[in-house]
Amino acid sequence: MADTTFRMFELAQQGLKCSQILLQLGLELQGKDNPDLIRASSGLAGGLGFTGRICGALTGGVCLLSLYAADNPRLYLMIDELVAWFEQQHPSINCYDIIGDDPKQKQDIAKCGAIVALTFDKVKEILEQQDISLTGDGND
């Protein structure tokens, strides 16, 4: 976990946001690089483009599950599990409600970092429960 936390900090220092960090970590576990995917996922940050709506850690986590399990018939059950878990952890799925500030003005690095780390761990847990290799292509 310490290595993952340090890597998350490095990615944040490079300017990556919550959703981008989750996907970058997943790609790195697979030994892949996809700058276009990382760039595209920037629109999820700050709650759907810094509107404060659905948390980028949640949407990024859903994208990460899909990256690994797009062809898996249980994908939507995995997404449902992630969303249910996220709803139990936070007062809302909306970025604005979770961090309590306008995401355009300020991001709570400590709070957001913890949410991203916990979401990454939950995604890994869900994938492992489905016997999906974290280092493979998700088609196990």
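## Cysteine sulfurs

The sulfur of Cys112 lies 5.9 Å from the closest cysteine sulfur, that of Cys95, which is too far for a bond. A disulfide is taken here as a pair of cysteine sulfur atoms within 2.5 Å, and the structure holds 0 of them. Cys95 is likewise in no disulfide, its nearest cysteine sulfur being that of Cys55 at 5.7 Å. Cys95 counts as buried because its relative accessibility is 7%; buried denotes under 20% relative accessible area, exposed over 50%, and partly exposed the range in between, with a 1.4 Å probe and protein chains only.

## Basis of the model

This is a predicted model, in which local features need pLDDT of at least 70 and side-chain atom pairs count only at pLDDT 80 or more, whereas totals for chains, interfaces and linings use all residues. Residues are numbered from 1 along each chain as its sequence is written, and side-chain values use heavy atoms, with hydrogens and water left out.

## Lys122

Lys122 is placed in helix α8, residues 109-129; helices are DSSP runs of H or I with at least four residues, numbered from the N terminus. With a relative accessibility of 11%, Lys122 counts as buried.

The Lys122 side chain forms a polar contact with the side chain of Glu125 at 2.9 Å. Such a contact is a pair of N or O atoms within 3.5 Å; within protein, one must be able to donate a hydrogen and the other to accept it, and residues adjacent in sequence count only if both atoms are side-chain atoms.

Definitions and conventions: Helix = DSSP H or I, 4+ residues; strand = E, 2+ residues; numbered from the N terminus.
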